[in-house]
Amino acid sequence: MTNPAISVVTMTFATKSLSSMPPQPRQTRSAPAKGSGSAGRHTSSRLPNNSQRRRTSASSNLRSSGNGGRSLKTRPNISPNGKPRKRHRILKWTLSIIGCLFLLAIAAFVYLYVTTEVVPPEKQALAQKTTVYFSDGTTPVGTYAEQNREIINCTPLPKYVSQAIIASENRSFYSDSGIDLKGIGRALLNNVTKGTRQGGSTITQQYAERYYLGETTSYTGKLREAILALKITQTEDKDGVLCNYMNTIYLGRGAYGIQAASQAYFGKDAKDLSLAEAAALAGIIPAPTSWDPAVNPTQAESRFHRVLSIMQEDGYINSKEQHDALMPKTIDYSPQNVYQGPNGYLLRMVRTELSSGKKAPFTADELDTGGYKIVTTIDKDKQDLMNQVASPTNPAKHLPEGLQVGGISVNPKDGSIISFYAGDDYLKNQLNNASQAHFQVGSTMKVFTLLGAIQSGVNLNTVFNGNSPRTFQSVGKSVANAENISYGYVNLYSALANSVNTAFMDLNEHVTAKKTAQVAHTAGIEGKIDDSTTFDALGLDALTAYDLTQGYQTIANGGKKVDLHLVSNVSDSKDQELYTPSTVGEQVFNSNQVALLQKAMTGTVQYGTATQAKAVGKTIAAKTGTANDDTAASIAGFTPSVLTTFGIWYPGADGSAQKIPNFAGYPHGSGYPTYLFTQYMKKATEGMQEEKFPVAKDEGKIGGPDGTWGTGRGSSYNYGYNNYQRPYNNYQQPQKPQTNQQAPSPQGTQQNTAPAQPSQPMQPVQPIQPVQPSQPVQPPQSGQTQGNSGQ
C-alpha cells in the first residue's frame, strides 16, 4: 500500500515541475487536481533541502521522457516561474550601468562644484578683445570693442534701474534657484537641432556665462556655467549677484556695466538715470549692438515699451509712470579710433560677413566680447598696393575733387578677397565704395547677354549689324555706339571686344532681357536688374563693385560659383577653430560655354576697348563699361587666378549721379578704370606664371538655332577695330604741371548711347570720321577679310 504522505509529496513535485513546462493551448489545459495548484506550490516552497533535491530528481525524470522532456531540452535557461533567465541578466547589467553612470555624474558634479571658484567681478578675465589679422595670421588689422568698464557700488542706484533689468531678463530672479532647467533644455534642443547658440536665461546664468566667456560654446562649458550659477546662488545673496551682473553686462558701444553704458548712451552717471533711460538700456541687453537706438530705433523702442509693461505688471511702477515714460534720446556715438583709416572698412566688412544674416556664425556682440582671433584673406602687400593705386586724393593725380573710386581683387578659384579699396578713412566716410556704393556698370553687363546667346546655341562667328545709330523695336528708341562709330557688320567676337552697342541690342532682342538678367543672377549678382527692357544688356542698372565682382567670379572660375569672402578662419583664445568658410562652390554654367565666353573676352584686351591692359604682360579676359550720360566707368578683368574690378563715379552733393568731368586725357573718365586695373594687375601678378584659359569649342550654329540671328551669316574674322581710331585716343593733356605720376592717355572705352561731347580745352587731334548711317557697310562675302583676326 502506498504511503499517502509520499503520494502527496510526489504529486506536489510533479505538479511543480510540470508548471515549468511551456504553457499549452488554453483549450487543452485541464483543471488542477485536488491538492495541487497554489496550495501545492506553497507547500513545495517550504520543503527541506533533501525534499528540494527530490524535486530536482523528479524534474530530471520528466525531462528524460515524453514530449514535455523534449520541449524542456530546447529551453535550458527557463526559470521555475516560466520566464527566461537571460532577461534577468540583461536587466541586472542595465541597472548596473545606469547606476555606475549616475555615480560618475555625481562624482563629476561634486568635482566641478568644488573646483569652480567664484571671484569678484573686478578680477574676472572676461570679454577679451577680438583681434583681426591679415592673411599671414600675425599682422593685426585692428581689434573690436576697446574695454570701457567701471565697477561701481550699486547702493546709490535708483531702485528702478535694477527693477528694469529684472523685468527685462529674469522676472523670477528673487525667487528662483539661479538655474532655469526648462530654459537649458530648450537651449540644448535648439543647439542640437538648429545649430543655434543659446545660453541660460536667468540673470545668474548670464553672469556665469560672462565669467566663462569663450568656453560656453561647448557643452562642457555650459555644464560648468550651470554649476557656477548654482554655486553663486548658494554663496552670494541676490542683491550681490544682481550688482555684479549690472557691473559686467555688455551693453554695446564698447561699454561694460551700467555705469559705462550710462555715459556712452546718455552722458551721465548711472545714479542719475531716469526711469525711461533705465528701461531703454535694460531692453537692449540681449543684442545691444544690433538694437542700439541709433542703429535700430524701431526695435529699441519696442523693447523699451516691453520693459515698462512688465514693470507695471509686476508692481514696480504704476500705470501713470508707465504712460508718462517716453523713449529717451541717446547722445551721438562716434566709432572708436580702431576704425580710423582704410583698415576701418576692413574691420566693418569682417563684422558684416560674420554676424549678418540668419545663417551668420556669430552675433555682433560675440565679436565684441569673444576674444577671438580672426584671420582674413587680405594680403597686406596687395592691400597697400590697392590703396596706393586707387586712392583719388593724391593731388599728383589731378583728379576732379569728389571723384569716387571703388575696387576689389579676388582669387576666383576659391572666392577669397585679396584686396579692396573702399575709401581713405572710415571715420570720415562710412559708405564703403567697394561693397555699398552703387554705380551704373554699363557694358560690363554685355558678357551675360553673350553667355545667354551661347547657351541658346549661337555661334560667335555670327555676323551682326554694328552701324550707328540704329532703332530697335524692343525699346522704340534709337541707340548709338560710343562716339557714334559705325563698325559695319561684325561677328560677336568683335562686337564684344569693341563693345558695339547696336550689335548687342540686336543680340538681346533674341536672347531676351529676362534671359540676360537670369544669367547675371545665376552668376551671383544680387542687385536689381530691370528684366523688362533689352537695355539691360547695356547695364543701365546700378550695382556695387562687390556685386559685379561676384558675377564675374563665376565666369573667371569656369562657371563654378563660389561666394566671395574675406574671412579665412576664426579661432578662440585657446586656438580652437570655430569657423571656416565654405569654398566648395556650385557649378552653375557649362564649363565649355564659359570657356568660349572667356575666349571672346580676351579680345577686349588684345584689340578692343582695354588695350592698355596688355602692359600687364599676362593673358587677360576683360570687359569695360561706361554708364549712360557719362556718370560712371568701370572694368572687370581676370587671369585664371586673379580677378580685379574698378569703378569710378561722380556723385553730387545730394548723392545723385553726375557726369564725370574730363580729366587727364580721359573724356568723362572713360578709360581711367582700365588705367587703374593695369597699374594694379601689373604688380599684383608680378612673378606669377603665365596661365592660359581652357580651349573652347564653339558648338553653336551660325545665325542661331533658327538661322535668324544677326544676318544669318558668319565670319571667322574679327574686323572693324583697327580701321577706326576713337577720337579721344589722341586728346591733348590739359594744362597742368607735368609729373611722373600723372595718368597716361587712355587706349579706348565705350559708352551706351549718343557720343560724348568733349569740352574745352580737350580737343581731339585729327578725329576720324565715322561711317555715315546712310552708307552702311555691306556684310562680307564668304571668305572676305576685314581687319586682323583677333579670335
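So, to start: what covers the buried residues of H12? Keep in mind as we go that this is a predicted model. The cover on those H12 residues includes H6, helix H11 (258–266), helix H13 (288–291), helix H14 (297–313) and helix H15 (319–324). H12 itself spans residues 275–283, and it's mostly covered, with nine of its nine residues buried. Among those buried residues are Leu275, Glu277, Leu281 and Gly283.

Next, the sheet. It's an open one, built from five strands in the order S2-S1-S5-S15-S16, and the pairing is mixed. At the edges you have strand S2 (140–144) and strand S16 (577–579), each of which pairs on one side only. On average, neighbouring strands in this sheet are turned by 25° against each other, if you ignore direction.

Strand S15, residues 567–571, is joined to S16 by two bridges, and the two strands run antiparallel. If you want a spot to look at, find Val570, which stands opposite Tyr579 in S16. Then there's a helix to go with the sheet: H16, residues 343–355, lies across strand S1 (130–133), S2, strand S5 (373–376), S15 and S16. Relative to S2, H16 runs at about 60°.

Now for the cysteines. How many disulfides does the count come to? It comes to one disulfide. The partners are Cys154 and Cys243, with their sulfur atoms 2.0 Å apart. The torsion about their S-S bond is about 85°, so this disulfide is right-handed. The pair links distant parts of the chain, 89 residues apart: Cys154 sits in the loop between strand S3 (148–149) and helix H6 (159–169), while Cys243 is in helix H10, residues 238–248. Are these two cysteines buried or exposed? Both Cys154 and Cys243 are buried. Cys100 is another cysteine to look at: its relative accessibility is 45%, so it counts as partly exposed.

Moving on to a loop residue, Ser391. You'll find it in the loop between helix H18 (380–390) and strand S6 (404–411). Ser391 has 10% relative accessibility, so it counts as buried. Which residues is Ser391 in contact with, leaving aside its neighbours within four places in sequence? Those are Met386, Lys397, Tyr421 and Asp424. With Asp424 there's also a polar contact of 3.0 Å between the two side chains.

Last stop, Thr554, which lies in helix H23, residues 545–556. Why does Thr554 count as buried? Because its relative accessible area is 0%, and buried here means under 20%. A polar atom of the Thr554 side chain lies 2.5 Å from the backbone oxygen of Ala523. Leaving aside neighbours within four places in sequence, the contacts of Thr554 are Ala523, Gly559, Lys560, Lys561, Val588 and Phe589.

That's my tour, and I'm happy to go back to any of these spots on the screen.

Definitions and conventions:
Residues are numbered from 1 along each chain as its sequence is written. This is a predicted model: local features need pLDDT of at least 70, side-chain atom pairs count only at pLDDT 80 or more; totals for chains, interfaces and linings use all residues. Side-chain values use heavy atoms; hydrogens and water are left out. Two strands pair if DSSP finds at least two bridges between them. Helices (H or I, at least four residues) and strands (E, at least two) are DSSP runs, numbered from the N terminus. Axes are lines fitted to C-alpha atoms, for helices over the stretch in contact, and angles run from 0 to 180 degrees between N-to-C directions. Contact means heavy atoms within 4.5 Å. A disulfide is a pair of cysteine sulfur atoms within 2.5 Å. Buried means under 20% relative accessible area, exposed over 50%, partly exposed in between (1.4 Å probe, protein chains only). A polar contact is a pair of N or O atoms within 3.5 Å; within protein, one must be able to donate a hydrogen and the other to accept it, and residues adjacent in sequence count only if both atoms are side-chain atoms.
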